[in-house]
Amino acid sequence: MDTTKKILVLCGGKFAFPALQLLAYEKFICGIGIGKGSDTIIEALERESKDSNIGFKSFCNKKSMLEMRAWIDDLQPDYIFCISFPFLLPETILSYGHDKFINFHPGPLPQYRGVMPIFEVLKNQETETAICAHFMNSKFDEGNIIFNDPIAIQKGDTYGKLTVKLSERMAQVTLNMANMLQFASSIPNQPQDETISCYYEKPQLSDTYINWKRMDADEIIALINACNPWNIGADATLFGEQIKIIVASLLHEPHENQPGTIVSLNDTINIACEDNMQIAIEILSTDKGIMTAAQFALLYPVPTSTLN
């Protein structure tokens with residue numbers, strides 16, 4: 001008789017794919033639910049689920065969540081894992097079982113609650129992030145913590161690079177949890193420390209816009225990396241045009257210009273920062289397309305200008 005504890009996974013897209021593949025390979029998964037996925041991802045997951053005899057259901061909007069409890073009751077999983085699932089689970093679903101729902105949050109809790117902790121840790125120039133496993137309650141990211149699995153942030157990590165790193169690590173973290181559940185009668189956990197908690201809303205333009213007069217060079221580089229590629233780049237104004245800076249590096253070269261002044265415009269666009277440093281823009285996105293700084297220089301031969 002198979003006594004393996006079965007797991008249903010609720011996910012939000014391809015970020016969860018490595019974890020799904022590993023858990024399915026180890027025959028832990030009995031069902032996969034996806035929320036707000038693209039048609040391509042939904043079709044791929046549905047096909048793979050059918051081939052592996054795994055239950056599958058798409059939850060495309062909040063209304064479709066009304067069908068979740070009956071689906072869970074039908075599959076009878078021992079535990080439900082959530083990996084970037086976009087919808088809050090109500091008590092009608094959570095009442096399926098006490099401490100049955102475990103979320104894997106791609107950021108340390110309680111300091112980085114919210115939908116995009118990867119953006120926030122990069123913007124805040126953290127040197128370390130984490131995957132936090134915690135029990136779920138009826139509020140986002142507030143259930144008791146099981147553990148925070150630390151992950152180093154390397155210099156030059158972008159949102160894309162860190163996302164891939166976390167996605168790959170997520171596979172091992174969820175597998176470790178699944179293995180632990182096979183033998184544990186109870187899972188050690190502790191309440192979150194509300195004195196250090198912070199919830200970040202989804203970034204708006206004000207969060208992705210470079211303020212040359214208030215941000216130093218390191219802050220600007222961090223913001224650019226945090227916006228690449230999900231926002232295409234950090235938002236800015238250059239020669240009166242709204243642009244996005246995709247790739248830039250730090251120049252340890254002093255200047256005597258106002259912050260936001262273009263110091264030189266050749267192979268890179270070198271811009272004065274408020275801490276007497278410069279950043280060198282290498283790739284940017286404009287209304288005319290994505291281009292290198294050298295290509296942009298051909299459009300604007302004027303050597304200096306002050307940015308907004």
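Arg113 counts as buried because its relative accessibility is 5%; buried here means under 20% relative accessible area, exposed over 50%, and partly exposed in between, with a 1.4 Å probe and protein chains only. The model is predicted: local features need pLDDT of at least 70, side-chain atom pairs count only at pLDDT 80 or more, and totals for chains, interfaces and linings use all residues. Residues are numbered from 1 along each chain as its sequence is written, and side-chain values use heavy atoms, with hydrogens and water left out.

## Salt bridges

Arg113 forms a salt bridge with Glu142. The term requires a side-chain nitrogen of Lys or Arg within 4 Å of a carboxyl oxygen of Asp or Glu. Side chains of opposite charge can pair when their charged atoms come close. By this rule the model has 7 salt bridges. Three of them are tabulated, including the Arg113 pair.

| Pair | Closest N and O atoms |
|---|---|
| Arg113 and Glu142 | 3.8 Å |
| Asp149 and Arg169 | 2.8 Å |
| Lys165 and Asp157 | 2.8 Å |

Arg113 and Glu142 form a salt bridge that links distant parts of the chain, 29 residues apart. Arg113 is in strand 6 (residues 113-114), and Glu142 is in the loop between strand 7 (128-135) and strand 8 (145-152). Helices (H or I, at least four residues) and strands (E, at least two) are DSSP runs, numbered from the N terminus. Glu142 counts as partly exposed because its relative accessibility is 28%.

Asp149 and Arg169 form another salt bridge, and this pair also links distant parts of the chain. Asp149 sits in strand 8 and Arg169 in helix 6 (residues 159-183), 20 residues apart. Asp149 is buried, at 15% relative accessibility. Arg169 is partly exposed, with a relative accessible area of 29%.

Lys165 forms a salt bridge with Asp157. Lys165 is partly exposed, at 24%. Asp157 is buried, at 9% relative accessibility. Elsewhere, salt bridges that share partners join Arg113, Glu142 and Glu194 into one network.

## Helix 2

Helix 2 covers residues 39-51, which is 13 residues. At 1.5 Å a residue they should span 18 Å, and the end C-alpha atoms are 18 Å apart, so the two values agree. The expected span is 1.5 Å times one less than the number of residues.

Which residues of helix 2 are buried? They are Ile41, Ile42, Leu45 and Ser49. They lie on the same side of helix 2 because they cover an arc of only 100° around the axis. The arc is that of the directions from the helix axis to the C-beta atoms. The buried residues pack against strand 1 (7-11), helix 1 (17-25), strand 2 (29-35) and strand 3 (55-59).

The face turned away from the buried side carries the exposed residues Asp39, Thr40, Lys50 and Asp51. Just after helix 2, Asn53 takes a positive phi of about 60°.

Tyr79 is in strand 4. Tyr79 counts as buried because its relative accessibility is 10%. The C-alpha atoms of Tyr79 and Ile7 are separated by 5.0 Å, although the two residues are 72 residues apart along the chain. Contact means heavy atoms within 4.5 Å.

Ala152 is found in strand 8. Ala152 is partly exposed, with a relative accessible area of 40%. Ala152 and Thr129 are 23 residues apart in sequence and 6.3 Å apart in space, C-alpha to C-alpha. Not counting residues up to four places away in sequence, Ala152 touches Thr127, Glu128 and Lys165.

## Surface patch

Leu88, Val115, Phe140 and Tyr199 form a nonpolar patch on the surface. Together they have about 340 Å² of accessible area. Patches are made of residues with over 30% relative accessible area and no salt bridge, with like charges joined within 9 Å and nonpolar side chains (Val, Leu, Ile, Met, Phe, Trp, Tyr) within 5 Å. Accessible areas come from the Shrake-Rupley method with a 1.4 Å probe; for residues, only the protein chains shown count as cover.

Leu88 is in the loop between strand 4 (79-83) and helix 4 (91-94). Leu88 counts as partly exposed because its relative accessibility is 38%.

## Whole chain

The protein chain has 9 helices and 15 strands. Its C-alpha trace spans about 75 × 40 × 30 Å along the principal axes. Of the 308 residues, 49% are buried. Among contacts between residues at least 6 apart in sequence, 64% join residues at least 24 apart. The accessible surface comes to about 15,300 Å², and 50% of this belongs to carbon and sulfur atoms.
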